[in-house]
Amino acid sequence: MCAMPKAPPPPPPLDPAAPPAALQAQILATEHWSLLASRTTTQNEVLTRISMFLTFVSATLVSLALVGQATSFGPTFPMLAVVLLSVALVVGVLTQLRVLNTATEDLMYVIAMNRLRAAYAELAPGVERWFMSSIHDDQPGSERTYFFLKPGRGSSVVLGSSMMFIIVVNAALTGLLAATIVFLAGGAFAIALGIGGAIAITFAIAGFRIGYRAYRRIWEHHEPMVPTPATPDPMR
C-alpha cells in the first residue's frame, strides 16, 4: 500500500509590521503552503479513488468466479459477465479521467512552486544554490523538479505512473468484455481471444495518446515567467 502524503504544517501568521522584503517572503511562504496543502489533498483523493476502483474490480472478478461455479458456467453466465464487466469498465474510465486530471493539476502545482522559488531567489540572491528543485517554470524546470538528479529517467516515470497503471487495468477489462461479447455471439474461443487482445491493445494505445496530448497541450499554452536560460547554469 502507498503511504498517504502528509499535510504540510501551517505557515506562520503574517506580520504587517515586518520590513517589506520580510513581508513578501511571508506572503510567498503562505502561498507556497497553500499549494502544498492543495497538492497533498489532490494526491490523497486520487489514491483513494484508485484503491476503490481496484477493490471494485477485485470484487467483480471474484463474484464472476463464484457465480460461474454455482451455475456451472451455464448460459446465463456470459450475460452476467457482460453486465458486471461493463459496470467495472465505466468505473475504470471515470477513474482514468480523474487520474489524468490529477496529473495535469500536479504539474500546475510544480510549475507554481518553481515560480515561487524564483521569487525566493530574487529576495535572497544566492539561495537558489541550495535548492534541489528548479526555479524555472517551464518544461525543463518541471522535469528538474520531478526527477531531481536524473532528468533522463522520464520514460521510467511514465511507465511506472498511476496513469499507465490505470490504462493497463482498463485495457484488460475492455479486452475481457469484448472477448465475452464475441463468445456470447457465437464466436470461437480463439477468435474471441484474438479480438479481445486487439481491442485491449488499441485501448491502451489510445489512452496513452490522450494522456500525452493533454501533457503537450499544457506546454503549448503555458507562457513561463522564469524560463530556463539557454546557456546551462552550473548551479542548476
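**Close-up views of a predicted model**

**View 1. Composition and extent of the largest pocket.** The lining of the largest pocket comprises 19 nonpolar, 11 polar and 4 charged residues. The model shown here and in the other views is predicted. In total, 34 residues line this pocket, and those nearest its centre are Ala103, Tyr146, Val157, Val158 and Ser161. The space within the largest pocket amounts to about 1,100 Å³. At least two lining residues come from each of H1, H2, H3, helix H4 (154-159), H5 and H6, and H2 contributes the most, with 7 residues.

**View 2. The second largest pocket.** This pocket holds about 410 Å³ of space. Its lining consists of 20 residues, with Gly175, Leu176, Ala179, Thr180 and Phe189 nearest the centre. By class, 15 of the lining residues are nonpolar and 5 are polar, while no charged residue is present. Helices H1, H2, H5 and H6 each provide at least two residues of this lining.

**View 3. Helix H6 and its packing.** Helix H6 spans residues 189-221, a total of 33 residues, and extends 48 Å from its first C-alpha to its last, close to the 48 Å expected. Its buried residues are Ala192, Gly196, Ala200, Gly207, Gly211, Ala214 and Trp219. These buried residues pack against helix H2 (76-123), helix H3 (139-147) and helix H5 (162-184).

**View 4. Threonine 40 in helix H1.** Threonine 40 is located in helix H1, which covers residues 20-71. This threonine 40 counts as buried because its relative accessibility is 10%, and buried means under 20%. A polar atom of the threonine 40 side chain lies 2.9 Å from the backbone oxygen of leucine 36.

How values were computed: Residues numbered from 1 in each chain as written. Predicted model: local features only at pLDDT ≥ 70, side-chain atom pairs only at ≥ 80, totals over all residues. Heavy atoms only, no water. Helix = DSSP H or I, 4+ residues; strand = E, 2+ residues; numbered from the N terminus. Expected span 1.5 Å × (residues − 1). Buried < 20%, exposed > 50% of the residue type's maximum accessible area, 1.4 Å probe, protein only. Contact = heavy atoms within 4.5 Å. Polar contact = N/O pair within 3.5 Å; in protein donor to acceptor, adjacent residues only side chain to side chain. 1 Å grid on protein atoms, 1.4 Å probe; cavity = no way out; pocket = protein on both sides within 12 Å on 5 of 7 lines; lining within 4 Å. Points joined across faces, edges and corners; volume = space filled by probe spheres on them. Nonpolar A, V, L, I, M, F, W, Y, C, P; charged D, E, K, R; others polar.
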